[in-house]
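Please walk me through this structure, from the whole chain down to single residues.

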Amino acid sequence: MSGQRRVDHFLFLGTGASAGVPVVGCKCSVCLSKKPKNFRFRPSGILRLAQDNRQLLIDATPDFRSQALQFGIDRLDGLLLTHTHFDHIAGIDDLRIFNAWQKQNIPCLLSRESFDDLQHRYPYFFDETAQSAKFAFTRLDAPMGEIEFCNTKIGYCSYRQARMGVMGFRVGHFAYISDIRHYEASIFSFLKGVQVLVIGALRPDPSPLHLSFDEAIAFSRKVGAQETWLTHLGHFVDHDDAHQLLPAGVRLAYDGLEIACTK
Ligand SMILES: [Zn+2]
Ligand SMILES: [Zn+2]
């Protein structure tokens with residue numbers, strides 16, 4: 001995308017659950033479907049900031065290389081990491097190519113918990129002599145707050161998915177809250193005034209690690225978002241059929257969808 005934007009945009013690079021859709025070996029109707037909106041890479045997106053055309057990636061999935069090629073991602077100004085489950089970080093080594101193109105370490109914003117886990121899983125990122133992706137880490141020690149990162153005010157808020165701490169992010173009237181199951185009531189003061197909400201919801205039925213569609217809809221109503229996009233969708237979800245279950249203002253996201261971050 002070229003030219004200056006008037007408002008921030010968010011491009012969905014992936015809207016699938018941890019196994020992606022289709023699921024390898026699955027013969028369900030969604031996995032066998034040829035409808036493009038039923039093809040889902042692992043969950044991630046690019047925040048495109050109007051102010052200076054910066055591009056911030058949210059999570060680096062195992063599909064990152066394919067996502068970058070398919071959606072023409074040729075520059076990265078920063079990485080926001082929600083948490084360190086496989087489906088959100090397994091493509092992080094592939095960001096190395098941007099070190100080469102841009103001749104700098106990639107700024108990365110993450111929680112203390114994610115930072116500690118990254119040190120454990122990817123010790124070579126912290127070895128100056130290693131030929132690997134290189135980052136300039138900004139570690140968030142507080143559970144909630146706001147920070148200047150890549151020239152932009154980023155709000156952050158932590159919640160839990162089983163034993164893993166997850167960060168949700170907010171820029172202006174836009175928020176990205178994925179992999180959420182349990183949260184404190186204070187998340188609603190953090191999200192006050194959000195107009196465009198992206199929220200993780202695995203499927204219509206309840207599940208142990210994610211919100212159901214009804215729970216996500218109730219969450220969005222509490223936030224008061226004008227527009228809500230469900231992401232992190234499993235293979236039980238046929239895009240067209242599922243839309244009939246959703247009330248006005250709540251839609252299913254799909255790979256390649258680009259939305260404005262303000263209403
Ligand atoms: Zn996930
Ligand atoms: Zn399936």
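In the chain, 63% of the contacts with a separation of 6 or more are between residues 24 or more positions apart; two residues are in contact if their C-beta atoms, placed from the backbone, lie within 7 Å. This is a predicted model, in which local features need pLDDT of at least 70 and side-chain atom pairs count only at pLDDT 80 or more, while totals for chains, interfaces and linings use all residues. Residues are numbered from 1 along each chain as its sequence is written, and chains are lettered from A and ligands numbered from 1 in the order in which they are written.

The chain has 8 helices and 15 strands, which are DSSP runs numbered from the N terminus (helices: H or I, at least four residues; strands: E, at least two). Its radius of gyration, taken over C-alpha atoms, is 17 Å, close to the 18 Å that the globule rule gives for 263 residues, so the chain is as compact as a globular protein of that length. The rule is 2.2 Å times the number of residues to the power 0.38.

Buried residues (20 or more other C-beta atoms within 10 Å of their own) make up 45% of the 263 residues. Not counting residues up to four places away in sequence, the partners of I199 include I177, L211, F219 and L230.

Key
A residue is buried if 20 or more other C-beta atoms lie within 10 Å of its own, exposed if 12 or fewer, and partly exposed in between; C-beta atoms are placed from the backbone.
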